[in-house]
Amino acid sequence: MKRTRRIRGPATGLRAVILAGGKGTRLAPFTVNFPKPLVPLGDTPILEVLLRRLIRYGITDITVTLGHLAVLLRAYFEHQHELSKQLTLRYVEEEKPTGTAGSLAMVPGLDETFVVMNGDLLTNLDFHALVRFHHKQKAALTIATHSRRVKIDLGVLEFDRNRRITAYHEKPEHGYDVSMGIYVYEPRVLKYIQPGRYLDFPTLVLRLLERGERVCAFPTDCLWLDIGRPDDYARAQELFAEKPEDFDFA
């Protein structure tokens, strides 16, 4: 496979952390004996797709946090010699889960702006635009967000205190701005994470807000699929097969 074409910008040279230690229970039984980051799109693991996307933006110093079936993931990338020439790939392995924020305390040397992302997503996000926005906002933490419509396949009732029906909505849809699982951190955020203690990302966000830190949203209409969801994974397979060039696989 050819070397990934790079475009320079604000994200170039930043470190990245990919969170890849989960058990992938939403994709069971595929992930019972197989780590979710190695779940394939075509014949390429999703984690490799993510790595090549980061390389394109000049993000080549990447640490992967491991947990479930870590040995299989290490073994795969040890044999990807062409890819290893384009980046520095490091690993930290948790003995017990410390959460989507707590695991960052295990990663040494995060002393400048850095990118964090989940290892189970497909996206063509412009990382330069994300980092440029983060710096412009002078944020401690920026969360890339995407609009999603959620349909409730039931009749939803509204009623007053006397139990009298006031409205009926048949299978309503609601719009939400959701986290894409992609973030830009400033190093000062790490002081809110205690090493060895469990901390999930939502709790970290609330902690930052309580302390008066600036947390920003970066809305984007780029392609984004959470392949931990079976329906999104099926759609990701279709998109990757139709237009591999969109993901640096032409």
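Partly exposed means a relative accessible area between the buried limit, under 20%, and the exposed limit, over 50%. Keep that scale in mind on this tour of a predicted model.

**Stop 1: Arg-74 and Glu-93**

Select Arg-74. Its relative accessibility is 28%, so Arg-74 counts as partly exposed. Arg-74 sits in helix 2 and Glu-93 in strand 5, 19 residues apart. Glu-93 is partly exposed too, at 41%.

**Stop 2: Asp-61 and Arg-90**

Stay with strand 5, residues 88-93, and pick Arg-90. Which residue forms a salt bridge with Arg-90? Select Asp-61: the closest N and O atoms of this pair are 3.0 Å apart. Asp-61 belongs to strand 4, 29 residues from Arg-90. Is Asp-61 buried or exposed? Its relative accessibility is 19%, so Asp-61 counts as buried. Arg-90, at 39%, is partly exposed. Arg-15, Asp-61 and Arg-90 are linked in a network of salt bridges.

**Stop 3: Arg-52 and Glu-82**

Select this pair next. They form a salt bridge with closest N and O atoms 2.8 Å apart. Arg-52 lies in helix 1 and Glu-82 in helix 3, so the bridge ties together parts 30 residues apart in sequence. Arg-52 is buried at 2%, whereas Glu-82 is partly exposed at 25%. The count for this model comes to 10 salt bridges.

**Stop 4: the largest nonpolar core**

Select Phe-127 and Ile-182. Of the 35 residues in the largest nonpolar core, these two touch the most other members. Several elements give two or more residues to this core, among them strand 1 (15-20), helix 5 (127-137) and strand 11 (173-185). Which element gives the most? Helix 1 does, with five residues.

Now show what surrounds Phe-127. Leaving out residues up to four places away in sequence, Phe-127 touches Ala-11, Arg-53, Leu-54, Tyr-57, Ile-59, Val-115, Met-117 and Ile-182. A second, separate core has 22 residues, including Leu-110, Phe-114, Tyr-192 and Ile-193.

**Stop 5: a nonpolar surface patch**

Move to the surface. Select Leu-157, Phe-159, Ile-165 and Tyr-168. Together they form a nonpolar patch with about 430 Å² of accessible area. Strand 9 (155-159) and strand 10 (165-170) each give two or more residues to the patch. Finish on Leu-157, which is found in strand 9. Its relative accessibility is 41%, so Leu-157 counts as partly exposed.

Terms used: Residues are numbered from 1 along each chain as its sequence is written. This is a predicted model: local features need pLDDT of at least 70, side-chain atom pairs count only at pLDDT 80 or more; totals for chains, interfaces and linings use all residues. Side-chain values use heavy atoms; hydrogens and water are left out. Patches are made of residues with over 30% relative accessible area and no salt bridge: like charges are joined within 9 Å, nonpolar side chains (Val, Leu, Ile, Met, Phe, Trp, Tyr) within 5 Å. Accessible areas come from the Shrake-Rupley method with a 1.4 Å probe; for residues, only the protein chains shown count as cover. A salt bridge is a side-chain nitrogen of Lys or Arg within 4 Å of a carboxyl oxygen of Asp or Glu. Helices (H or I, at least four residues) and strands (E, at least two) are DSSP runs, numbered from the N terminus. Buried means under 20% relative accessible area, exposed over 50%, partly exposed in between (1.4 Å probe, protein chains only). A nonpolar core is a set of buried Ala, Val, Leu, Ile, Met, Phe, Trp, Tyr and Cys residues joined through side-chain atoms within 4.5 Å. Contact means heavy atoms within 4.5 Å.
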